[in-house]
Amino acid sequence: MNRRQFLLGSGAVGAAGLTLAAGGTQFLAAERGPISLRSRMTSHVFNRPGVGAFETEGLISLADNAPPPVVRLTQGERAVIHMTNGLEDYTTMHWHGIRLPNAMDGVPYLTQFPIGQDETFEYAYTPPDAGTYWYHPHCMTMNQMALGLTGLLIVEEPEDAGFDLDVPLNLKDFRLDAEGQLRPFFTPRGAARGGTLGNVSTTNWSVEPIYDVPSGGLVRLRFAATDTTRIYKLAFPDVPGRIIAWDGHPVEEDIAWPMADKPLWLGPGQRMDVALRVPDSEGSEVSFTGQFGTSQRTVVTLRASGASRRRDLAELKPLPRNPIAEPDVANAEIRQLVFGWTSDGKGSNNGLCGSYGYTFWSIDRSPWPGDAVEGVGPLATLELGKSYILRLKNESPNLHPIHLHGLVFKPLRSNQRQLPGNYTDTILLMKNEVVDIALKADNPGDWAFHCHVIEHQKTGLAGYIRVA
Ligand code: C2O
Ligand code: CU
Ligand code: CU
């Protein structure tokens, strides 16, 4: 048992603070054989300040009355995950950001047949990269994600990174009425614009949770934006710390510490790891906040607990780089992909995976006809082993977190702003922005490529890229 696991087990609690375990966050690790997951309907009590505590029925999780667990794997070690579908609807599970064999990617019809009720699919892969990732269904995606089925997937560095505590923070909104019951998560109006926003913002399915963390300790916060729609605009407390990883991979250029006047934007699908030095005096609290519309709300509060450990940020070694093949930018071929509207309102055919009667969005001027439509070719075919520049062109006034499966890429330049050059799997395109990204096409397969605002994905802004 390492230091971190000991802390999570023992809790190190003060009176009213939640330990992460008591806060409903369970951990499943692959070290002791296969991980078994089973989806199910459940309910959960959301306690909203000023509104009260109400039990919400009709949620979907992998646990009873609790959010989906945090799954922990180890870099370079084979993981076996048995996913059982306990729901009437079909499903698949996708491991967002992981470079894995195509058949394990969890995309219905493209990489596997959807998983039916009471069926089990075995996902087995060896994660090559350490970092913060996440998982979610890719069949009935809108429905199952909106109702709760999103969880963190942590790939540990084989060597302990030296933190006193690891704090996963699954940021997700729900759409609830005053009595805590679910409101419709899909609205055509939202789908045709920025997406349908939730009104109850949660962290690990808790509203404004307070976690006890060791006084004077070094903690690793893993923020993951798993909402179907919301771009989180985060501001950090004025305490010593730094952003150490972005979308899984260690940062190569400093990212400024976001204060309230300059929040940091985390789009759907994106993650951020932060190293923080907890204040010394027991009971002191530091809060991370988010800007939600015009109001500022707490995302999570950390409360110092116990005698100070007197740690120093300088004790942390930089995270080791992941083994990503550098694209050969000088010799890379350029492929353009255009994201925009469509006037073709035919709707899509997703077979067993949930279809909507609308298409509003397109890539290269055609809306994705649906996962179950046969004979739809790739948006681009890349030759295995070659380097490419993808020119991503947003011809719409809406923002799109564009996500590629199976490969990671490096942002090169934008027509609007300075981009951090960190490897990523998801990039947030601003209004009318054109961004060049570079990648080496070193993982063969048909890789889904779509906007991570799920309503955009499900109404046309999707496709796939073939590496062969
Ligand atoms: Cu996180 Cu294709 O998705
Ligand atoms: Cu993905
Ligand atoms: Cu979009």
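Start by selecting C139 and C353: the two form a disulfide (a pair of cysteine sulfur atoms within 2.5 Å), and their sulfur atoms sit 2.1 Å apart. You're in a predicted model here, where local features need pLDDT of at least 70, side-chain atom pairs count only at pLDDT 80 or more, and totals for chains, interfaces and linings use all residues. For finding your way, residues are numbered from 1 along each chain as its sequence is written, chains are lettered from A and ligands numbered from 1 in the order in which they are written, and side-chain values use heavy atoms, with hydrogens and water left out.

C139 is in the loop between strand 9 (131-137) and helix 2 (141-146), and C353 is in the loop between strand 22 (333-341) and strand 23 (361-363), so the bond ties together parts 214 residues apart in sequence. Helices (H or I, at least four residues) and strands (E, at least two) are DSSP runs, numbered from the N terminus.

Zoom in on the S-S bond: its torsion is about -95°, so this disulfide is left-handed.

Is C139 buried or exposed? C139 is buried at 0% relative accessible area, where buried means under 20%, exposed over 50% and partly exposed in between (1.4 Å probe, protein chains only). C353 is buried too, at 1%.

Last stop: select the copper ion (ligand 2), which is coordinated by H94 (NE2) and H403 (NE2), at 1.9 Å. H94 is in strand 7 (residues 93-96) and H403 in strand 26 (residues 400-404), 309 residues apart. Donors are N, O and S atoms within 2.8 Å of the metal (3.2 Å for Na, K and Ca); water is not among the atoms, so sites may look incomplete. Both histidines are buried, H94 at 1% and H403 at 0%.
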